[in-house]
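Please examine the structure shown below.

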Amino acid sequence: FVHPIEFRGSRRTMVAAIGALSFAGGICVLTLMAYFVRPWRDLLLVLFWATVPLIGMTWWVRESPKWEAALGMDVTETMHFLARFDGRPVPTMVFEAQKEGPREDLLVLLKHPLAMRLAIMALAWSSVSMAYYALAMSVGSIGADIYLSSILGAMAELPAVAMFFCLADSAYVGRRL
């Protein structure tokens, strides 16, 4: 999730919406596959062989420029590639590798003024994730066919994602509220 957002920069809302739409679409496709391939062992084999070609993407997808800079690598080639891909000029900013200095531990984060906000956001994120997981797992108890219920549950996400896409960059509701 972070990788495409870092590459797209100013269009992070669009990237997040596409990710959410892909997730909902994936649930629909998985449900259809499970409907037509009923034995779960056969379904696992079909899913495995469907994802094997994606292993080749590990050589095609570039590393993040920030990650390359943190490793001390030259990021100019990646930055030129991204500029060509986006149709923009090469940015003048260059990521500098972090200088070796005194190593600080994780407790430094607790002393930061935003530590309480981070804790609240982590609690909210985990609560929302558990609620979503509970709803996804209980889709079979609606009473209808489990496959139909699962597809309808995934399709119910589509209006929510459309609303997120419209409101996330809004001046009244936006991300920075």
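## Basis of the model

This is a predicted model, in which local features need pLDDT of at least 70 and side-chain atom pairs count only at pLDDT 80 or more, while totals for chains, interfaces and linings use all residues. Residues are numbered from 1 along each chain as its sequence is written, and side-chain values use heavy atoms, with hydrogens and water left out.

## Overall fold

The chain contains nine helices and zero strands (DSSP runs numbered from the N terminus: helices are H or I, at least four residues; strands are E, at least two). Of its 177 residues, 18% are buried (under 20% relative accessible area, 1.4 Å probe, protein chains only).

Among contacts (heavy atoms within 4.5 Å) between residues at least 6 apart in sequence, 58% join residues at least 24 apart. The chain exposes about 14,300 Å² (Shrake-Rupley method, 1.4 Å probe), and carbon and sulfur atoms supply 71% of that area.

Leu21, Leu148, Leu152, Met155 and Leu158 form a nonpolar surface patch with about 440 Å² of accessible area together. Patch residues have over 30% relative accessible area and no salt bridge, with nonpolar side chains (Val, Leu, Ile, Met, Phe, Trp, Tyr) joined within 5 Å and like charges within 9 Å; a salt bridge places a side-chain nitrogen of Lys or Arg within 4 Å of a carboxyl oxygen of Asp or Glu. Helix α8 (residues 146-155) supplies the largest share of the patch, three residues.

Met155 lies in helix α8 and, at 42% relative accessibility, counts as partly exposed (between the buried limit of 20% and the exposed limit of 50%). By contrast, Tyr147, Ser149, Ser150, Ile151 and Ala154 of α8 are buried, and their cover includes α2 (12-36) and α9 (157-167).
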